[in-house]
Amino acid sequence: MCYDIKASVETQLKRAQRRGDAQAVDEIMETLIPLTDLPIYHSSGFSHPELLIYTDRSPDFPEVATWGLVPHWVKNEADMKKQWNNTLNARGETIFKLNSFRKAANESRCLIYIDGFYEHHHFEKQTYPFYIFKKDHSPIILAGLFNEWVNSETKGKLLTFSIVTTTGNQLLSKIHNNPKLNEPRMPLILHEELADM
């Protein structure tokens with residue numbers, strides 16, 4: 001699972017910077033960063049922070065989105081708030097089956113650049129957070145799904161996203177041992193080459 005992350009402005013800009021477009025980076029800093037909750041040092045998805053995501057419709061220029069995908073079929077804000085905490089993560093094994101994620105999995109994929117994430121280890125009725133990051137401190141690129149939800153009552157739009165998860169690898173299997181789950185989980189981390197496809 002992935003419910004707590006760390007994300008800096010620098011990491012969120014890495015994709016745009018790698019493309020060498022200084023004008024785009026300046027524009028992101030001026031127009032988008034003030035609309036986010038960045039930097040995030042240890043933020044829970046349950047607080048629905050606003051981050052930058054790189055969508056398949058805008059792969060080089062990020063968009064501001066709120067963590068917690070609101071499915072297309074949710075009609076109003078009251079229903080949205082009931083659903084929101086259930087869609088922070090999307091199990092990769094079921095995204096094409098579940099009504100909450102199927103449309104986004106087929107049509108709306110995104111990348112989320114973070115510094116690291118926290119996984120919780122359970123030991124003797126205590127919970128210990130482990131901060132997971134790359135040795136070279138380069139960004140971790142997570143696979144995500146997004147949806148632009150339209151409130152049927154107000155016609156207002158809200159761009160939302162979910163982090164895709166998968167079975168925990170050998171390292172994460174030792175850390176993520178939530179007794180409520182059948183198996184260890186982790187966010188789906190993409191290699192930089194895959195993120196460019």
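## Ground rules

This is a predicted model, so to speak: local features need pLDDT of at least 70, side-chain atom pairs count only at pLDDT 80 or more, and totals for chains, interfaces and linings use all residues. Residues are numbered from 1 along each chain as its sequence is written, and side-chain values use heavy atoms, with hydrogens and water left out.

## The chain as a whole

The protein chain holds six helices and twelve strands (DSSP runs numbered from the N terminus: H or I of at least four residues for helices, E of at least two for strands). Its C-alpha atoms fill a box of roughly 50 × 40 × 30 Å along the principal axes.

Buried residues make up 48% of the 197, where buried means under 20% relative accessible area, exposed over 50% and partly exposed in between, using a 1.4 Å probe and protein chains only. Take the contacts (heavy atoms within 4.5 Å) between residues at least 6 apart in sequence: 65% of them join residues at least 24 apart.

## Helices α1 and α2

The axes of α1 (residues 9–18) and α2 (residues 22–32) come within 9 Å and cross at roughly 145°. Axes here are lines fitted to C-alpha atoms, for helices over the stretch in contact, with angles from 0 to 180 degrees between N-to-C directions. On the α1 side V9, L13, A16 and Q17 take part, meeting V25, I28 and M29 of α2. By class, that contact has six nonpolar residues, one polar and no charged ones (Ala, Val, Leu, Ile, Met, Phe, Trp, Tyr, Cys and Pro count as nonpolar, Asp, Glu, Lys and Arg as charged, the others, Gly among them, as polar).

V9, T11, Q12, L13, R15 and A16 are the buried residues listed for α1. The partners they pack against include α2, β1 (4–7), β3 (50–55) and β4 (58–67). After α1 comes G20, with a positive phi near 75°.

## T36 and its loop

T36 sits in the loop between α2 and β2 (40–44) and counts as buried at 11% relative accessibility. Its side chain reaches the backbone oxygen of I33 at 2.8 Å and the backbone nitrogen of L38 at 3.2 Å. Not counting residues up to four places away in sequence, T36 touches E50, L51, L52 and V64. T36 and P49 are 13 residues apart in sequence, yet 7.6 Å apart in space, C-alpha to C-alpha.

## A buried glutamate

E63 lies in strand β4 and is buried, with a relative accessible area of 17%. The side chains of E63 and R57 are joined by a polar contact of 2.7 Å (a pair of N or O atoms within 3.5 Å; within protein, one must be able to donate a hydrogen and the other to accept it, and residues adjacent in sequence count only if both atoms are side-chain atoms).

## Two positive phi values

H48, in the loop between β2 and β3, has a phi near 50° and counts as buried at 12% relative accessibility. K125, in the loop between β7 (116–123) and β8 (126–132), has a positive phi of about 65° and is exposed at 88%.
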